Amino acid sequence: MASHSDTLVVFFGATAGANGGKLGSDEREIILLVWQIVDLHEKKVGKLQRRLVKPDSLELTDQSKEETGLSVDELYKAEPLDKVLQQFQQSVSAELKALGRSSYTLCVDGPLIIRQALHPEASKKNLVLPECFYSFVDVRKEFHKCCPNAGQVQDLTLPSILEYVCIPELPLSEQVMGLKEVRCMVQLSLHILAEPYNHKFSCFEAVKYKLESGACSKTEPVDSETVIRARGLPWQSSDQDIARFFKGLNIAKGGVALCLNAQGRRNGEALVRFINQEHRDLALERHKHHMGSRYIEVYKATGEEFLKIAGGTSNEVAQFLSKENQVIIRMRGLPFTASPQDVLTFLGADSPVTDASDGLLFVKYPDGRPTGDAFVLFSCEEYALNALKKHKQILGKRYIELFRSTAAEVQQVLNRYMSTPLISTLPSSMVPMPVLATPPYLATGSTRDCVRLRGLPYTAAIEDILEFMGEHTIDIKPHGVHMVLNQQGRPSGDAFIQMRSADRAFMVAQKCHKKMMKDRYVEVFQCSTEEMSFVLMGGTLNRSGLSPPPCKLPCLAPPAYAAFPSPAMLSEAALYQPPLLATPRTPQPPHSPHPTPTLAYYPPQHHPAQLYMNMNMNYTAYYPSPPVSPSTMSYFASPPGSVALAAQQPHAQGHVASPMMPQHGALVRMQGLPYNAGVKDILSFFQGYQIVAPWCWDGAND
């Protein structure tokens, strides 16, 4: 529109469900539209227009029937929304022509009818709204500008405003819903246009036509009062689908961040950043609204959470995303040898990439190795659709997957791959470390002074857990955070935390249960050290109680993780001692009067056959990591010239003795062994090194 100063069209609507302050919160359709023109120059008004709208679902709530006075029979005879909007345009255009005016602006009592009812419904029904519905003025805000002492905008209502300016109420005969509200808004508009206010309508609000893409820096301040978390999204949904779900509300530039799971795939959640708190609050009213056949949950989130997902620091990514209004496509499964020219040839001439090879961004590991992922920029939707048609076509000897992507997903994928690996690999040069001389194992007990964290993100580090605990970190025992690894040495999503008392553990379980960490909620259960040992052996622990492990035999933990003294006969409680945390300790001096501690991975057995049978029982082992970040986990190396392995010698009576650990040796853990490797293969591997006894334990052979 050329100008906003010619004419106002006072506009009102009602739905088949909630109205007033909850208008649009229940997804019910519009059933009533009322409007009237106000000439801002001549201070004249046009004809009052009222139209019924036929909804797709002819159902009215009792509240709506009472407020609107409408029945299903009346609505059945009405026109659908698209026809009524055409009538609106024709009526307004005819009156403007008669008045000699050229432009108009909608005037409403609060933004709900435009933002929460009309735009969402038109989006679901694939209706193209006239341009006039993308700009409007709110009579409450205009009045507040004239009379700032009348109260806060959110506290103002039309009756209270009329009472403040001494405008009398309408007769009861004219208090029909829709007609009453429009007449009151017209009276108020004329009142503030006249002396002594001489007000000019200038607080124009806009509805964005489309989502603006853009990059977000980790240093950019993000107000937590503008961010929400949407959960339950279809896995194939894009940022445009999310913007359509929130149609009518203004999302900040680059404000949609799709969350990825540990495998780099979308997990059905997204963080959305709006331009201000008002739009965020309106978005929360769409909790459990539908996207297709799925309902979407909408919750508050923080700016920090948004930056963790969407923020980036890479100059390469910032430069790649600096080109605005581009469509981003993600390619997955590329051959590691693929070059930019190979990708351009694969996409073909019908889907030209923006700026050729400069429109490609290959995702790499920190050491420069390719991951098989890449992001591609296209200048228009047509080129992107042509590219998507090549989904699962062959490049080299691999089929390539193509998906729509977002700027936030680019940042998230790059952040994930460029970060330091969670579990470090075996260093090429092993630095000597002291042998465990003091048994720092955890004593079992029934006192419930521990908590178990379940459902941790696989990328979570010790720092994330401490941040998750918040103010309760002061109650954690020294070295009391134990992350649990699975049999492959990877994070299992569990962790145990030792608190200073049972009361503190109870408080943590109450306040932190199902609290969010990154893109997941974490369950927190109170437990004892004994229960922790059960879980470490493969048992389960939840609020329903404790399920013992499948086997009551202790786990054969790898030497790098387990070492604790074993008496001649272990008690039943000792069977559930957790594996030792690999914390380096000061070695005992040679003249120490204390005997050398022994290492036991299973209790002494009195019959070799029984030992063999127990060793082959089916169980699931869980190994705790050191009480430090897994990224700093180290391996025990031998002193120069020797590698000490646990030795085992049979007694003359036929009993099996506990393995003994030489004081000046060290343990090494071997990963990646062939499944058919035996003791001889391992000894052959260490040929040339001094081993205390020609025997080693491979976890499978006796």
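In what order do the five strands of the open sheet stand? The order is β10-β11-β9-β13-β12, and the pairing is antiparallel. Strands here are DSSP runs of E with at least two residues, helices are runs of H or I with at least four, and both are numbered from the N terminus; two strands pair if DSSP finds at least two bridges between them.

This is a predicted model, in which local features need pLDDT of at least 70, side-chain atom pairs count only at pLDDT 80 or more, and totals for chains, interfaces and linings use all residues. Residues are numbered from 1 along each chain as its sequence is written, and side-chain values use heavy atoms, with hydrogens and water left out.

Next, select β9 (residues 227-231) and β13 (residues 294-300), which run antiparallel and are joined by four bridges. Within this pair, Arg-231 has Glu-297 in β13 as its bridge partner.

**The helices across the sheet**

Helix α10 (residues 303-310) lies across β9, β10 and β11, at about 70° to β10. Such angles run from 0 to 180 degrees between N-to-C directions, with axes fitted to C-alpha atoms, for helices over the stretch in contact; contact means heavy atoms within 4.5 Å.

Move to helix α13 (residues 381-388), whose buried residues are Ala-384, Asn-386 and Ala-387. These residues lie on the same side of α13, because they cover an arc of only 160° around the axis, taken from the directions from the helix axis to the C-beta atoms. Buried means under 20% relative accessible area, with a 1.4 Å probe and protein chains only. Their cover includes β15 (327-332), α12 (340-347), β17 (370-378) and β19 (398-404).

In β17, select Thr-371. Thr-371 counts as buried because its relative accessibility is 13%. A polar atom of the Thr-371 side chain lies 2.9 Å from the backbone oxygen of Val-363, and a polar atom of that side chain lies 3.3 Å from the backbone nitrogen of Asp-373. Leaving aside residues up to four places away in sequence, Thr-371 touches Phe-336, Val-363, Lys-364, Tyr-365 and Tyr-417.

Methods: Buried means under 20% relative accessible area, exposed over 50%, partly exposed in between (1.4 Å probe, protein chains only). A polar contact is a pair of N or O atoms within 3.5 Å; within protein, one must be able to donate a hydrogen and the other to accept it, and residues adjacent in sequence count only if both atoms are side-chain atoms.
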